Amino acid sequence: MPITNTPSTLIQAETLELLEWPRLCQHLATFAATKLGVAAALNLQIPETQALTAELLAHTQEAYQLESRQSGLNFEGIQDIGSFLKRAELQGLLSGEELLSIATTLAGARQLRRIVDSQPDVPTLKELAAQLRTYPELEQEIHRCIDDRAQVADRATPKLGGIRTQMRQLRDRIYQILQGILQRQSNAVQEQLITQRNDRFVLPVKAPQKDAIPGIVHDSSVSGATLYVEPHSTVNLNNQMRQLLRQEQAEAEAVRRALTEQVAAVKPDLDRLLTVVTTLDLATAKARYSFWLEANSPKFIDLENRELAAKNETIENEENSETSQLEIPNLRSQITLRQLRHPLLVWQQQYEQGFPVVPIDLTIHPHIRVVAITGPNTGGKTVTLKTLGLAALMAKAGMFVAAREPVELPWFDNILADIGDEQSLQQSLSTFSGHIRRISRILEALGNPPATDNSENSHQFPIPKSLVLLDEVGAGTDPSEGSALAIALLQYLAVHSLLTVATTHFGELKALKYQDERFENASVEFDDSSMQPTYRLLWGIPGRSNALTIAKRLGLLSEIVEEAKTYVGGASVDVNQVIAGLEAQRRKQETKAKEATKLLQQTEQLHREVSQKAAALQERERELKIAQEVAVNKAIDSAKSEIAQIIRRLQSGDQTAQNAQQATETLNQIAQKHLPSRKQPAKPKPGFQPKVGDRIRIPNLGQTAEVLSGPDSNEELTVRFGIMKMTVKLAEIESLDGQKPETKAQTAKIAAQALATAKAKQAESQAPKSHPQIAIRTDKNSIDLRGARVSDAEIEVDRALAKAVEYGVLWIIHGKGTGQLRRGIHEFLASHPQVARYELADRKEGGAGVTIAYLN
């Protein structure tokens, strides 16, 4: 069914050409792995629904994940077999090469499905791969019947194998006969060679000696010196060979016919296989292209109700009431394309030695419907239009966009452009009429919603989701009329399209922003110092055309440019000066913003370093605490062990006062060694005597000072800090390393303490020595349970343990006997909360008949 070229399809096709979409598709095709993928990329279609775009974008995202993990898909062996399948469906006969191509494609698709199934987090690709039916039995049958040379193999059928066996035997007989003739008539043949003419074996015979080998002449050389003769002795054998050859061909054709029929029977599944493989290859090509382009996945935003969003913002600003904020939804989505690059210019820079690509920033608020871009010629206005148009097309086609995250833009129903000059001598079209014809087709593609008198009524009707790109709107005619026409056209598009971006030089269009909130200004920057455009896009202020400066830079005579400046109106000069001032102020703010950003980055880096050092210090402190705890526990265990040895030594020997005194002294030594409270405090730093010229510290004032005079009889000295002099007490100062000076009162106190210590030691040496209480075995910490039952013994032991707390140990005499009483007591002690451990006494104290229980 032929496709009619309606205005909508015509302008959409023109837009693709104007935005150079076919060229981008060529670049995409270089990343495809199969001929199927190349063809699909070259003819990449733009989806008509957002649901289809979402599906394609999901494919690209998952393929991008695989490429990022360096575990991309492998399309080895997959070929374009679409024409083979169609011929098989039409009952044509497939050749051996075509059948082998089908078999290798089936094997490649099966391997592709295995790769997809083995990857995590790719649900949409797995859903696609699940549709692949690879028919391994068909692949095996093809490889069984067709060999690697694409010929039907002997094993294909027994009949074919038999025919070829007969042919080989017959060929051997013919060769044997011809070899005999060559040997006998060696002088008559041109060379010792057996060849074929018309599928018959012949000998190259010299023309003058053809009668030496009688037979049938089938051919001659170009010079006529050689005749190819079939000897009479092999004519019948060659006839038999020709018959066998026809039988072989018929049987081989029957084999290929059967395989072709099997292929035709599963053609729908194989067509679906090609579709799925093409989809996977195209998704991989998009992912690889996005990876090369350093692009990011787009997010589609809904701007249908952005007028309501703007109204919401107005209400919140004018009436800061809680009710208003609750009743109106938050619809502040905005188009965000930061650091957006033109993909064709990136390709040109990488592979065609082009200029560096200057990225642009596009941030369009929800209420904006029309953006007017102004600025000098050759400044990048048209490139901005094409960059935005290609970004919208790429996102719609399920591709990533060459911009920094986040990439947020609407899903446009239509992307329509009027870029360039449509002047045509054949159609008698001027520049202006060419633009008008194309704009008319754009308006027809947008449709005709009910006309409105003002923008307020436009809220009643749904806004078409169209992106309109207009280059030099209203140009090519009288400036005043062109300007008026441009204003009317942009106001119409503000109602009938989702977003319109137009470039212009008309000053009247720059003022629309201040009359209608739906309009916004942007400009391409011009560097006054270098007199060249920077290709950067500036928002919020209109740009200067700088036509005279550009003309001078491009080589126009300077006297003409200077003369032209005299004709420029004063108002225009004033406006340009204001715009120049705004641009200078904007550059200054951008410089400050960059400096602030750099300072913020340095602050964040310093914060990270400090945080890392703090974490390291905390970890070091934790390790030191752990080491300290280990050392303390080790000291405690050592002290316990030494104390236990002393107790055992007391128990094993005679409990005399001398032994008790020795044990007490040993315990004191252990306490002195392990207990921090018994350790001698660190001796204070020795006092110092300040001298004239010394630097000292006054802690009460937090100052350091210089000594001007030494301490007098009242222990006062004169010091100076800064320009001030003062007298301070000796006790109020200290050295810079923390030493306190010795005062008379301190000296007297130290002498008195020394005297008291000496007297105490003398009294201690003269007093009679008393022996401390030592925990040894007595009748108060011993209990005799011999002859008692276990239940009664447990009660008695519990009472004895309560009384023996002050001794820390209890001797339990239970006797040896059958051991039942001992076992019962041991079980009771093992579960008693007051008992730290228990053991049998030494042989001297009763051995197995006595148990010693050590209390907590």
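What follows is a short chat about a predicted model.

Student: What should I know about the model before I start?
Tutor: It is predicted, so local features need pLDDT of at least 70 and side-chain atom pairs count only at pLDDT 80 or more, while totals for chains, interfaces and linings use all residues. Residues are numbered from 1 along each chain as its sequence is written, and side-chain values use heavy atoms, leaving out hydrogens and water.

Student: How many helices and strands are in the chain?
Tutor: The chain has 25 helices and 23 strands, taken as DSSP runs numbered from the N terminus (helices are H or I with at least four residues, strands are E with at least two).

Student: And how much of the chain is buried?
Tutor: Of the 856 residues in the chain, 40% are buried, where buried means under 20% relative accessible area, exposed over 50%, and partly exposed in between, with a 1.4 Å probe and protein chains only.

Student: Is Cys 25 buried or exposed?
Tutor: Cys 25 counts as buried because its relative accessibility is 2%, and Cys 145 is also buried, at 2%.

Student: How many disulfides are there?
Tutor: The count is 0 disulfides, a disulfide being a pair of cysteine sulfur atoms within 2.5 Å.

Student: New topic: where is Leu 557?
Tutor: Leu 557 is in the loop between helix 19 (547–553) and helix 20 (558–565), and this residue is partly exposed because its relative accessible area is 49%.

Student: What share of contacts join residues at least 24 apart?
Tutor: Counting contacts (heavy atoms within 4.5 Å) between residues at least 6 apart in sequence, 66% join residues at least 24 apart.
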